[in-house]
Amino acid sequence: MLLEIKDLYVSYGHIDALNGISLNVEKGQIISIIGSNGAGKTTLLSTISGIVKRKSGRICFEGEELPSEPHKIVRRGITQVPEGRKVFAGLTIEENLIMGGMTQKVRDTKEIEKRMFELFPRLDERRKQQAGTMSGGEQQMLAIARGLMSQPKLLLLDEPSLGLAPIVVKQVFALIKDIRDMGYTVLLVEQNANQALKLSDYAYVLENGTIKMEGKSSDLLQNNDIISAYLGEKK
Ligand code: ATP
């Protein structure tokens, strides 16, 4: 197992955000976490990447307890692509990628950057453009490419479809599938349950900081409780 979380509790002061979460991420898979606003999805990702401190519980990565400092966690091979994209708006696309590759040797950065431009031809066409002037979909692509620059063993994606037009959402999800097919492992947080379940191998349903249900994504897509609570008309 690549990532194993056991009985994770997180609070912000007196607000309990995660109340005993346990989950597993297997290498080479897309695992999705679905749930409505405030369920604790972002908190879960930010706790894995060390930005938010846990109250208790274990997070093991490749069989070893994760360190608590974010920079050490990145070096262990976990990179988070934050919600809302958060590219460096004043820097060019190329400079954003270089920032993402800071943990790599300079020689390797060039090679990985080349691969990113092959994977994202749209970014290649615009490599000198300021990131802040790109469309929402392009910025999402850049945020993902920047995350991949560190060659993570586990990529944490926080709501990549947020605020994007339906056709762009489809492109972004197709891209995430390509990334999985290239051998990356992805932990995907999404409010767009329909698309996330279609894409992922396994899924967890988060409600009020606890896992309400888990299973193969294809099974959850057929589950009546999931359909009425999260899929509605979209199915
Ligand atoms: P969304 O889909 O709306 O982003 P989410 O599932 O990602 O929601 P979180 O952002 O993890 O949910 O929030 C979980 C709970 O923790 C919420 O009740 C939220 O108000 C609270 N919370 C999140 N961040 C903080 C913070 N920095 N300080 C205090 N409370 C917080």
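Buried means under 20% relative accessible area, exposed over 50%, and partly exposed in between (1.4 Å probe, protein chains only). The model is predicted, with local features needing pLDDT of at least 70 and side-chain atom pairs counting only at pLDDT 80 or more, while totals for chains, interfaces and linings use all residues. Residues are numbered from 1 along each chain as its sequence is written, and side-chain values use heavy atoms, with hydrogens and water left out.

**Exercise 1. Helix H10**

Task: State which residues of helix H10 are buried, and find how they are placed around the helix axis.

Solution: 
- Step 1. Helix H10 covers residues 224-231, and its buried residues are Ile226, Tyr230 and Leu231. Helices (H or I, at least four residues) and strands (E, at least two) are DSSP runs, numbered from the N terminus.
- Step 2. Viewed down the axis of H10, the buried residues fall within an arc of 70°, so they line one face of the helix. The arc is that of the directions from the helix axis to the C-beta atoms.
- Step 3. An α-helix has 3.6 residues a turn, so residues three or four places apart point the same way.
- Step 4. Asn224, Asp225, Ser228 and Ala229 are exposed on the other side of H10.
- Step 5. The partners of the buried residues of H10 are helix H8 (193-199), strand S9 (202-207), strand S10 (210-216) and helix H9 (217-220).

**Exercise 2. Leu156 and Ser46**

Task: Locate Leu156 and Ser46, and list their contacts beyond four places in sequence.

Solution: 
- Step 1. Leu156 belongs to strand S7 (residues 154-158). Its relative accessibility is 0%, so Leu156 counts as buried.
- Step 2. Contact means heavy atoms within 4.5 Å. Apart from neighbours within four places in sequence, Leu156 is in contact with Leu45, Ile48, Ser49, Ile78, Thr79, Gln80, Val81 and Leu187.
- Step 3. Ser46 sits in helix H1 (residues 41-48) and is buried, at a relative accessible area of 9%.
- Step 4. With neighbours within four places again set aside, Ser46 is in contact with Ile51, Val52 and Gln80.

**Exercise 3. Positive phi**

Task: Describe the setting of Asp7, which has a positive phi, and of Asn208, which has one too.

Solution: 
- Step 1. Most residues other than glycine have a negative phi, and most peptide bonds are trans.
- Step 2. Asp7 is not a glycine, yet its phi is about 55°. Asp7 lies in strand S1 (residues 3-12) and is partly exposed, at 45% relative accessible area.
- Step 3. Asn208 has a phi near 45°. Asn208 lies in the loop between S9 and S10 and counts as exposed, at 64% relative accessibility.

**Exercise 4. The whole chain**

Task: Describe the fold content, the overall dimensions and the burial of the protein.

Solution: 
- Step 1. There are ten helices and ten strands in the protein.
- Step 2. The radius of gyration is 17 Å, close to the 18 Å from the globule rule for 235 residues, so the protein is as compact as a globular protein of that length. The radius is taken over C-alpha atoms, and the rule is 2.2 Å times the number of residues to the power 0.38.
- Step 3. The C-alpha trace spans about 45 × 40 × 30 Å along its principal axes.
- Step 4. Of the 235 residues, 50% are buried.
- Step 5. Among contacts with a separation of 6 or more, 65% are between residues 24 or more positions apart.
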